[in-house]
Amino acid sequence: MLKALSIVPDKCTGCMQCELACSYEHEGVFNPARSRIRVFHFHDEARYVPYTCTQCAEAWCQLACPVEAIQINPHTGAKEVIENLCVGCKVCTIACPFGTVNYNQATGKVIKCDLCGGDPACARYCPTGAITYVDADLTAYERMRMWAARTDTQAQASA
Amino acid sequence: MRYLIAGAGPAGVVAAETLRRADPQATVRLFCGEQEPVYSRMAIPYLLAHKIDERGTWLREPGHFEALGIELVHQRIESVEWDTHTVRRADGQREHYDRLLIATGARPATPPVPGMDLPGVRHCWTLGDARAIAARARPGSRVVLMGAGFIGCIILEALVLRGVRLTVIEAEDRMVPRMMDATGGAMLQAWCERKGVRVHTATQVLGVERAGSDTLAVHCEHGAVHPAELLVVATGVLPNLDLVADGTRLSLETGRGIRVDPWQRSSDPDVFAAGDVCESVDWYSGERAVYAIQPAAVEQGRIAALNMCGRPVRYAGALPMNILDTLGLVTVSFGHWAGVPGGESVRRAEPGRSRYLRLEFDERDRLVGAIVVGLPEHVGVLRGLLQRRAPLGAWKARLARSPTRIAEAFVACTATTGLGDAASP
Ligand SMILES: Cc1cc2nc3c(=O)[nH]c(=O)nc-3n(C[C@H](O)[C@H](O)[C@H](O)COP(=O)(O)OP(=O)(O)OC[C@H]3O[C@@H](n4cnc5c(N)ncnc54)[C@H](O)[C@@H]3O)c2cc1C
């Protein structure tokens with residue numbers, strides 16, 4: 001059974017452990033600016049929302065890539081950037097309507113969540129259980145909500 | 001079922017793969033009109049910049065199509081007989097189709113000035129062009145780039161990275177005129193000039209002459225003459241209409257490209273079109289449009305394929321979106337960045353830092369377009385907000401005060417936090 005990240009914003013305290021763990025896991029530095037998960041802080045509502053790629057079924061990023069540099073990891077189902085194929089054209093960064101693929105100027109490649117190969121550091125270090133890595137069907141509810149928030153009508157029609 | 005696909009660019013390839021998955025029993029034949037492996041035009045600038053070799057431009061790994069049971073045929077389609085559902089290939093053979101997809105892309109425009117056929121004058125469109133450009137664009141070579149549109153600017157960077165001495169001639173009053181307003185265009189131009197590129201806007205190339213065994217003289221307005229070993233022409237693209245042009249008549253309904261309905265179907269019910277060759281509609285206004293960009297090509301290829309095999313899927317319309325990295329300055333534009341009647345505009349420019357953000361809203365407080373210079377983080381959310389077409393509610397006023405909170409606005413307005421006041425209609 002594939003697993004997925006489950007994010008429950010109500011449990012997030014804004015401690016940023018996930019951003020630090022992510023940047024350390026992927027870049028070897030504790031630097032939230034280089035994290036693939038981002039915690040948004042809504043001051044007005046005193047609310048924190050961790051946000052990253054949902055590994056969506058449409059895979060806009062993968063479809064748009066001109067050189068097959070985004071591929072599905074058969075073990076985790078994650079859409080992963082194959083670094084040595086990525087030319088840094090950034091088309092995926094605008095094709096992804098969730099804004100979860102970003103360009104890394106230092107390497108000239110794009111970066112996105114790859115579920116850490118099946119043991120996501122953000123979930124491991126989240127002290128409150130706001131981010132967990134669970135069987136994919138447990139997050140079906142969130143997926144349905146995502147569905148409702150679809151960015152285009154075509155995907156609804158193809159359901 | 002027998003599906004034929006004319007053209008093995010991104011639109012054709014995605015369509016072939018989609019057909020294969022959706023209709024495992026069918027015959028899927030993909031016609032590649034160039035004697036090259038199936039490659040991506042978009043990757044050519046990275047080949048020129050030595051980031052990848054030719055293999056890096058291939059759209060798919062060797063053996064990919066065979067493994068999927070897609071028949072890749074290296075034959076140009078010369079013509080179509082619509083009544084008998086037959087195509088004629090370059091080698092004279094005829095083939096029958098039940099459904100045909102035209103995904104023949106576009107061709108680069110050749111401006112009507114003398115000298116465009118001289119050696120040393122090249123488009124940058126095919127792998128063949130890339131090889132010819134690579135042979136002439138050597139460190140220290142003098143190169144003139146005619147046209148500073150989106151594709152021109154991508155080539156601009158590749159040429160600079162090859163170490164040439166570059167002069168850019170743009171007829172309009174700014175760089176990337178269809179992607180940036182005057183503020184953004186000026187920032188890009190200043191940036192390029194700081195990097196040693198000479199940029200002349202509002203200037204026409206009047207003609208090119210041979211000025212020596214390997215040298216060209218590029219004549220411009222006001223008597224300016226630029227000597228060059230290479231002139232790269234990037235003055236726009238035109239849909240490839242050869243298959244529908246029947247003498248002076250057009251056999252399918254055609255505007256700037258082959259007209260398709262929201263199912264990517266042409267005026268012939270068994271013929272579909274996708275990618276740079278087709279004229280679909282703008283996602284917001286519903287007006288006819290040809291945007292000729294990679295994301296639209298692949299999405300249309302996918303949708304055409306699903307409809308071809310009887311799975312009705314409606315295309316929401318093409319959304320213009322471009323991202324450009326010019327020697328380190330990232331510029332982005334989406335949708336109707338010049339605004340719409342009755343709408344409102346929010347702009348924050350910091351020319352000293354090469355940063356600019358412009359957001360355009362319509363009268364219902366929906367985001368309809370954006371320009372971003374120098375702020376590349378999470379730009380994809382702009383697409384999300386544009387395509388949701390939902391009023392931004394309270395976030396509109398927040399964005400008017402601090403437009404850089406756009407990613408927050410998106411997260412707040414989407415499912416992760418509940419649909420809130422930006423719920424889909
Ligand atoms: C240098 C360059 C850089 C670019 N950069 C970007 C970018 O950064 N972002 C972006 O969004 N877009 C970019 N583009 C545009 C993008 O490449 C096109 O939008 C995209 O390739 C369109 O895909 P397509 O499949 O419709 O057409 P094409 O890629 O043109 O493919 C059509 C194929 O059909 C073949 N063909 C034509 N006629 C026939 C026939 N009669 N029979 C058989 N085959 C035929 C052609 O040879 C070609 O292989 C760039 C283009 C160029 C040239």
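Begin by selecting helix α10 of chain B, residues 406–413, which is mostly covered, eight of its eight residues being buried. Bear in mind throughout that this is a predicted model. The buried residues of the helix are B:Ile406, B:Ala407, B:Glu408, B:Ala409, B:Phe410, B:Val411, B:Ala412 and B:Cys413. Show what surrounds them, and you will find that these buried residues of α10(B) pack against β2 and β3 of chain A, together with β27 (355–361), β28 (367–373), α8 (380–388) and α9 (394–401) of chain B.

**Across to chain A**

Next, colour the two chains separately and select the residues in contact, of which chain A contributes 44 and chain B contributes 56. The area buried between chain A and chain B comes to about 4100 Å², with carbon and sulfur atoms giving 60% of that area. Two salt bridges are counted between chain A and chain B, and to see one of them, display the side chains of A:Glu68 and B:Arg60, which meet at 4.0 Å from N to O. Across this interface of chain A and chain B there are also 10 residue pairs in polar contact, both residues of each pair being at pLDDT 80 or more. On the side of chain A that touches chain B, the elements giving two or more residues are β2 (38–42), β3 (47–51), α2 (60–64), α3 (91–95), β6 (102–104), α5 (140–148) and α6 (153–157) of chain A. If you colour that side of chain A by residue class, its residues divide into 25 nonpolar, 11 polar and eight charged.

**A glutamine at the interface**

Now select B:Gln294, which lies in helix α7 of chain B, residues 294–308. A polar atom of the side chain of B:Gln294 lies 3.0 Å from the backbone oxygen of A:Ala64. Leaving aside residues up to four places away in sequence, B:Gln294 touches A:Ala64, A:Cys65, A:Pro66 and A:Val91 in chain A, and B:Pro10 and B:Met42 in chain B. Is this glutamine buried or exposed? B:Gln294 counts as buried because its relative accessibility is 9%, and the cut-off for buried is under 20%.

**Chain A as a whole**

Of the 159 residues in chain A, 55% are buried, while chain A exposes about 7000 Å², to which carbon and sulfur atoms supply 54%. Among the contacts in chain A with a separation of 6 or more, 53% come from residues 24 or more positions apart.

**Two loop residues with positive phi**

Finish with two residues in the loops of chain A. Select A:Met16, found in the loop between β1 (3–7) and α1 (17–27) of chain A, where its phi is near 70 degrees, a positive value in a residue other than glycine. A:Met16 counts as partly exposed because its relative accessibility is 30%. Then move to A:Leu115, in the loop between β7 (109–111) and α4 (121–125) of chain A, which has a positive phi of about 55 degrees although it is not a glycine. With a relative accessible area of 2%, A:Leu115 is buried.

Terms used:
Residues are numbered from 1 along each chain as its sequence is written. Chains are lettered from A and ligands numbered from 1 in the order in which they are written. Side-chain values use heavy atoms; hydrogens and water are left out. Contact means heavy atoms within 4.5 Å. Buried area is the accessible area (1.4 Å probe) that two parts lose on being put together, summed over both. A polar contact is a pair of N or O atoms within 3.5 Å; within protein, one must be able to donate a hydrogen and the other to accept it, and residues adjacent in sequence count only if both atoms are side-chain atoms. Helices (H or I, at least four residues) and strands (E, at least two) are DSSP runs, numbered from the N terminus. Ala, Val, Leu, Ile, Met, Phe, Trp, Tyr, Cys and Pro count as nonpolar, Asp, Glu, Lys and Arg as charged, and the others, Gly among them, as polar. Buried means under 20% relative accessible area, exposed over 50%, partly exposed in between (1.4 Å probe, protein chains only). Accessible areas come from the Shrake-Rupley method with a 1.4 Å probe; for residues, only the protein chains shown count as cover.
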